[in-house]
Amino acid sequence: MLILTTTLNPWIIAAIAVAAFLTAASFAFFVLIISVIFRTTMRRNTKKKRTRECTNLKDEQQMMMFEEGTQWAEQFKDKTEQLHIVSHDKLNLYGEYINLGYDKCVVILQGRTESLLYSYYFADVYAKNGYNILVIDVRSHGLSDGKYQTQGVKESDDLILWIKLINEKYKIHDFALHGICIGAASAIYAYVKMKNEGSNLIKRIVTDGIFQSNYEIYKMHFKSFNKRAFPVLPLVFFFAFIFAGARLFKNSPMKCMKDIEIPILFIWSEKDLYSVKPKSEELFEACVSEFKEVAFFPEGRHSHVRSTQPEGYDEAIDAFLKKYL
């Protein structure tokens, strides 16, 4: 009788109800936070018109890089061809090929948020070393289809299709890859996948701001906002698997270092807050290639190293390309 009375006590019932409500509200808020982070970092804003214009008009340095790149490309308008492929998951992807008549091609892969026009900022040193230029709107960027970006996982599959197109259409058998941040991860993944297929089309790679793992680069972003990555970040990655089909824990540049056999140049800045120097040095040491080079620059934030020392940046790449013809 005492147990029945206690159970039916309206104050206890109210307390249980409030506790249940607060628990549910806290859980809903937690899921909302995860959803917001996922949407802002990996999901395209489908309400915005597709464009190749610079995405960060408040960043003067980024605007400068974008404008210099587009101005550089203007001089080759008569040699620029518009290209299109369809990905394995039926996305229409678009690119531009500057055919300078050479027998080599560089594919320049920009980081997250920008279109192919941004990639032209890095093209000059390659053109001067005898490379045709391929730039692409990676999935969910620029004019290409796609709702989600996948940190280089599916982008690397798309990159392989682009390389095969240029190989078949223009008879190019010598490719260099230049990747910035996520673009660098895409380059590494594509090389390993093509190597495992028995292809040797990719001859050399230049990475700018490459990171050890997806968790590491996201963790450093959290740190810059004085926030802890755990337990939010693993659940963001779970969202990436559910909605985008990307296994962000399984795939990482660090895991690929044991498979790199071709010449590779690592470019980093000592002031990079995301690909920090100690982690970058670990990544370089893990690379097994006998032909690896590293260039640490004193200035430059993440993905903006060239904008602070363009001559030195291009000289490092020029020396690398001449050394490993």
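Me: Which residue in strand 4 is the bridge partner of Glu 96?

Reply: This is a predicted model, in which local features need pLDDT of at least 70 and side-chain atom pairs count only at pLDDT 80 or more, while totals for chains, interfaces and linings use all residues. Residues are numbered from 1 along each chain as its sequence is written, and side-chain values use heavy atoms, with hydrogens and water left out. Strand 2 (residues 92-98) and strand 4 pair in the antiparallel sense over five bridges, where strands are DSSP runs of E with at least two residues, helices are runs of H or I with at least four, both numbered from the N terminus, and pairing requires at least two DSSP bridges between two strands. Within strand 4, the bridge partner of Glu 96 is Val 135.

Me: In which sense, parallel or antiparallel, do strand 3 and strand 4 pair?

Reply: Val 106 stands opposite Ile 133 in strand 4. Over five bridges, strand 3 (residues 104-109) and strand 4 pair in a sense that is parallel.

Me: How many of the seven residues of strand 4 are buried?

Reply: One side of strand 4 carries Tyr 131, Ile 133, Val 135 and Asp 137 and the other Asn 132, Leu 134 and Ile 136, and all of them are buried, a term for under 20% relative accessible area, with exposed meaning over 50% and partly exposed in between (1.4 Å probe, protein chains only). For strand 4 (residues 131-137), the number of buried residues is therefore seven of seven.

Me: Which cysteine has the sulfur closest to that of Cys 287?

Reply: Cys 287 is buried, with a relative accessible area of 3%. A disulfide is a pair of cysteine sulfur atoms within 2.5 Å, and by this rule the count comes to zero disulfides. For Cys 287 the closest cysteine sulfur is 11 Å away, too far for a bond, and it belongs to Cys 256.

Me: Is Ala 286 buried or partly exposed?

Reply: Ala 286 lies in helix 11 (residues 277-286). Not counting residues up to four places away in sequence, Ala 286 touches Met 254, Met 257 and Lys 258, where contact means heavy atoms within 4.5 Å. The C-alpha atoms of Ala 286 and Met 254, 32 residues apart along the chain, are separated by 7.3 Å. With a relative accessible area of 28%, Ala 286 is partly exposed.

Me: What is the relative accessible area of Phe 241?

Reply: The place of Phe 241 is in helix 9 (residues 232-244). Phe 241 is partly exposed, and its relative accessible area is 35%.
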